[in-house]
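User: I am new to this structure and would like to learn how to read a few of its features. Could we start with a single side chain and go on from there?

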Amino acid sequence: MMETSASRSPHLQRVERLNELWRVAGPGPTGSSLPHRLLFSVRRMIAAALRPQETFNAAVVEYINDIATERQRMDDLVELVAQCRAAVDDTLRHREALAARERRIEAGMSALRTTHDELRLSVGVLQQATQTLKHELARARHASGETTPAPATPAPPPAALQGPAQDVLGHKYVGFEDQFRGTPEAIGERLAEYVPVFADATNVLDIGCGRGEFLALLREHGISARGIDTNAAMVQVCRDQGLRADAGDAVSFLRAQPGLSLGGLFAAQVVEHLEPSYLAALLDAAFDTLRPGAPIVLETINPACWFAFFESYIRDITHVRPLHPDTLKYLLLSTGFQRLEIRYRAPYPEHEKLQPIPPNPTLADWVDTLNGNVNKINSLLFTCLDYAAIGYRP
């Protein structure tokens, strides 16, 4: 399509006018009349006398044409750059969208892998339970067909199913808590981070409720809860605050509750006081008593942190054995709980850890080696002091 004068840029229009008017004689006659031809002849004679001026005009116009051509190329280049920038911006936006989509896919795949691992573990435990049940049934059939019954497997002694040993210390353990665990105010601040887990829950049970710090937090947030503890002195401390608490054994209490009646279960610094058989029975009873979707939160000392083990764990003589985070997670998964999360807390203060040496160009290799060893030691000795295993009843 031919450009019109209105569609051309002003500077191009001026260049075209210079190309038309650079001759001194001007344009040829537009008509065939004698006056126009005579006037043009006169202008040509004048132009012959002003030939140097016309030559100068031609050189100037040629130079201006070159500049106009270059300017047009520059304009085209600027437009091309703008188009390239727009294309790059579109590409970057598309790339960011793809990256976000990839992150969502990766998060989904991670969740699927976690769910798959949980299901695989649950299926494995179910298979083991099925095999055990088959063996028991076979043994029962075999025993029923014999004249002399085969000796039955002896029942575990009562000591094998043993709860916390705090009750043997009574009021002394209350003083121990006051001195070494922290004040009720400090413990309340530390436990406050678990309250959102029970935000929509009702009828929450706090096992090993101690002095009632978490029960008081739940009451402040309008969440109905009760506590149970084997230490009668601790229970009395709770009742003095108007909190609902009972003295007794947690497993027996849970087994006495209607099925699917609890909206959540919480136990802070309790599981390390339990024998393994008792802990397994406690988790089974909790699974039977919790409602679908109800959370279970078990906080304990982190034995993977050596400082926590040697400074906190072995100080308390009522501790039975430490529980590694992987172990407690496995126990919950094998019981049937899902969506397991290990939440580490109470990080060791950074300023009290082993400090790296500042960079030194002269001793760069030595400094890197020493700082690498410092990081390894810190990762063993000074990590998080506690952790919580959080799961949900399916």
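Analyst: This is a predicted model. Start with Arg190: its side chain makes a polar contact with the side chain of Glu299, at 2.8 Å.

User: Where is Arg190 placed, and is Arg190 buried or exposed?

Analyst: Arg190 belongs to helix α5. Its relative accessible area is 15%; buried means under 20%, so Arg190 is buried.

User: How is the packing of two helices described?

Analyst: Two packed helices are described by the angle between their axes and by the distance between the axes. Here, helix α5 (residues 184-191) packs with helix α6 (residues 213-220) at an angle of about 60°, and the axes are 9 Å apart. The two helices, α5 and α6, are therefore oblique to each other. Their crossing is right-handed.

User: Which residues make the contact between α5 and α6?

Analyst: From α5 come Pro184, Ile187, Gly188 and Leu191, and from α6 come Glu213, Phe214 and Leu217. Sorted by class, the contact of α5 with α6 has five nonpolar residues, one polar and one charged.

Definitions and conventions
Residues are numbered from 1 along each chain as its sequence is written. This is a predicted model: local features need pLDDT of at least 70, side-chain atom pairs count only at pLDDT 80 or more; totals for chains, interfaces and linings use all residues. Side-chain values use heavy atoms; hydrogens and water are left out. Axes are lines fitted to C-alpha atoms, for helices over the stretch in contact, and angles run from 0 to 180 degrees between N-to-C directions. Helices (H or I, at least four residues) and strands (E, at least two) are DSSP runs, numbered from the N terminus. Angles under 35 degrees count as roughly parallel, over 145 as roughly antiparallel, 65 to 115 as roughly perpendicular and the rest as oblique. A crossing is left-handed if the near helix is turned anticlockwise from the far one by less than a right angle, and right-handed if clockwise. Contact means heavy atoms within 4.5 Å. Ala, Val, Leu, Ile, Met, Phe, Trp, Tyr, Cys and Pro count as nonpolar, Asp, Glu, Lys and Arg as charged, and the others, Gly among them, as polar. Buried means under 20% relative accessible area, exposed over 50%, partly exposed in between (1.4 Å probe, protein chains only). A polar contact is a pair of N or O atoms within 3.5 Å; within protein, one must be able to donate a hydrogen and the other to accept it, and residues adjacent in sequence count only if both atoms are side-chain atoms.
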